[in-house]
Amino acid sequence: MIGAFSALVGLMLVIELSALIPLSTLFGVTDTLDHNIIPSVELIKKLSAEISYERMLAIRHLNRQTILEMDKVAGDELEAVVSAKNTCARTIVRQT
């Protein structure tokens, strides 16, 4: 009876140790997702929003009637472009 119990405990230990290898691989993949892929997806989403905002400002600029109104929208456009550039630069620095 003790021999059968010892064999069962030994078999359980072998199974648990063999499961650690795939588990460590899974942790490596999770680390890759966390540090490389997810920030890239966040960057794409943020840049897409900023590009859409800049395009909206460009259309608003074209629809203005006076030069003063166009100049005000042009200033907003420049701020949007600088903001998008800074967002991209901050994210690239964070990933490296």
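The radius of gyration used here is taken over C-alpha atoms, and the rule for a globule is 2.2 Å times the number of residues to the power 0.38.

**View 1. The whole chain, in a predicted model.** Start with the overall outline. A compact globule of 96 residues would have a radius of gyration near 12 Å, yet this protein chain comes out at 28 Å. Along the principal axes, its C-alpha atoms fill a box of roughly 95 × 25 × 10 Å. You'll find two helices and zero strands here, and 11% of the 96 residues count as buried.

**View 2. Helix 1 from end to end, with a kink centred on leucine 33.** This helix runs over residues 2-62. Its 61 residues reach 88 Å from the first C-alpha to the last, close to the 90 Å expected at 1.5 Å a residue. Look around leucine 33 for the kink, which is about 40 degrees.

**View 3. A nonpolar patch that includes Phe5.** Phe5, Leu8, Val9, Met12 and Leu13 make this surface patch of about 490 Å². Zoom in on phenylalanine 5, which sits in helix 1. Its relative accessibility is 55%, so it counts as exposed, since the cut-off for that label is over 50%.

View 4. Is isoleucine 38 buried, partly exposed or exposed? With 42% relative accessibility, it counts as partly exposed, because that label lies between under 20% for buried and over 50% for exposed. Now find aspartate 76: it is 38 residues from isoleucine 38 in sequence, and their C-alpha atoms are 30 Å apart in space.

How values were computed: Residues numbered from 1 in each chain as written. Predicted model: local features only at pLDDT ≥ 70, side-chain atom pairs only at ≥ 80, totals over all residues. Heavy atoms only, no water. Patch = residues over 30% accessible without salt bridge, like charges linked within 9 Å, V, L, I, M, F, W, Y side chains within 5 Å. Areas by Shrake-Rupley, 256 points an atom, 1.4 Å probe, with all protein chains shown as cover. Salt bridge = Lys/Arg side-chain N within 4 Å of Asp/Glu carboxyl O. Helix = DSSP H or I, 4+ residues; strand = E, 2+ residues; numbered from the N terminus. Buried < 20%, exposed > 50% of the residue type's maximum accessible area, 1.4 Å probe, protein only. Expected span 1.5 Å × (residues − 1). Bend = angle between axes of the 7 residues up to and from the residue.
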